[in-house]
Amino acid sequence: MSKKIFSGVQPTGNLHLGNYIGAIRNFVDLQNEDQNECIYCVVDLHALTTKQDPVALKKNIRETTAAFLASGLDYKKSIIFNQSLVKSHSEGSWLLSCVARMGWLNRMTQFKEKAGKDKEKASVGLYIYPVLMAADILLYDTTHVPVGEDQKQHLELCRDIAQKFNLDFKAPNFLRVPEPLIKKNFSRIMSLKDGTKKMSKSDPSDFSRINLNDDKDSIVSKIKKAKTDNHPLPENQEELKKRPEAENLFGIYSSLNNQDLTKTLNEFSGRNFSEFKNKLSDLLIEKLSPVSQKMKNIQKDSKYIDDVLKEGAERANAIASKKVDEMKKIVGF
Ligand code: AQP
């Protein structure tokens, strides 16, 4: 069955291995499946929900686009654009924010995590982030959304908003209720410094993550310093589950090698970490160096990147503006 796919990445800098394995690499696989229509968005409006430096933001929009292209996204096959170029996202988001309920948003765990203790000081944008995300998805009649485990709750909210809009305005099936596409294995890459914390762009320590633009020496030294324990490598999955750092590194190795965890366990169980870490560094360099090299080359040509985004935005706008016009009619404008 052909799928309509929408997904996005925030241009908040420090794109890392988690973004690559958990998102971008899947985007490429979905694009290359026959008949899928894919829309991939650099969600720059979302990025504004936390403080951004305007100069860095512009650079990061281009860098994220370069990462998409370098990883194998093809702007002729998929629609690739940045969100702020298509005004319907903001407009649709307003219409939907009048449908979404405070009680629903109050339950969103990501807001609680990101706002931290001082939620009075969090931006209103951060609070209504999931409504903008719902608009992104619903404007394109998306059928499937590839999301990390962390975004599942936001997608459920998007489904609730779609259903309530259809019900409130007696417009059955007008907004299409999308399904999540969640990769079962290795959908969450953890910090190299703490196997219980997600690898994240905003972690103050660069040693917590492998960045997509890290050179070979950085990869080797980050893996060498990655937190481990003093025992030999685990023999089986039960043991692995109790050792989060080992589980994470094994997960990264298996995922990059496209093999299941059992094969990695058979390959390395009983050996010591340093031997495994050498192999893991080699594999990371083999898989990521071509991507980071291509990213560097693409980033030399800002005009090319801007043209890709502009062309994508025109194609996206043709779909989204029509949908938002229909929404406006339905609500009575
Ligand atoms: N550690 C991760 N493992 C697997 N997938 C991940 N993603 C992010 N971190 C991991 C997936 O990458 C996509 C884009 O994420 P995003 O940039 O839009 O926002 P995010 O999830 O907030 O990314 P970060 O790195 O965690 O940023 P900060 O530090 O700002 O919070 C999403 O599909 C996400 O699931």
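**View 1. Where domain 1 meets domain 2 in the predicted model.** In this predicted model, 14 residues of domain 1 are in contact with 19 residues of domain 2. The domain assignment of the chain gives residues 4–188 together with 302–331 to domain 1, and residues 206–297 to domain 2. The C-alpha centres of domain 1 and domain 2 lie 30 Å apart.

**View 2. The interface of domain 1 and domain 2.** Between them, domain 1 and domain 2 bury about 1400 Å², and 69% of this area is on carbon and sulfur atoms. Across this interface the rule finds zero salt bridges, while three residue pairs are found in polar contact. On the side of domain 1 that touches domain 2, the elements that give two or more residues are α1 (17–32) and α3 (54–71), and the largest share of that side, five residues, comes from α3.

**View 3. The largest nonpolar core.** In soluble globular proteins, nonpolar side chains tend to be buried together. The largest nonpolar core here has 56 residues, of which L17, F68 and L284 touch the most other members. Helix α13 (residues 273–299) gives the most to this core, with ten residues. Because domain 1 and domain 2 both give residues to this core, it lies between them.

View 4. Leaving aside residues up to four places away in sequence, L17 touches G22, I189, M199, I210, I252, L284 and L288.

Conventions. Residues numbered from 1 in each chain as written. Predicted model: local features only at pLDDT ≥ 70, side-chain atom pairs only at ≥ 80, totals over all residues. Heavy atoms only, no water. Core = buried A, V, L, I, M, F, W, Y, C linked by side-chain atoms within 4.5 Å. Buried < 20%, exposed > 50% of the residue type's maximum accessible area, 1.4 Å probe, protein only. Helix = DSSP H or I, 4+ residues; strand = E, 2+ residues; numbered from the N terminus. Domains from an automatic or database assignment. Contact = heavy atoms within 4.5 Å. Buried area = accessible area lost by both parts, 1.4 Å probe. Salt bridge = Lys/Arg side-chain N within 4 Å of Asp/Glu carboxyl O. Polar contact = N/O pair within 3.5 Å; in protein donor to acceptor, adjacent residues only side chain to side chain.
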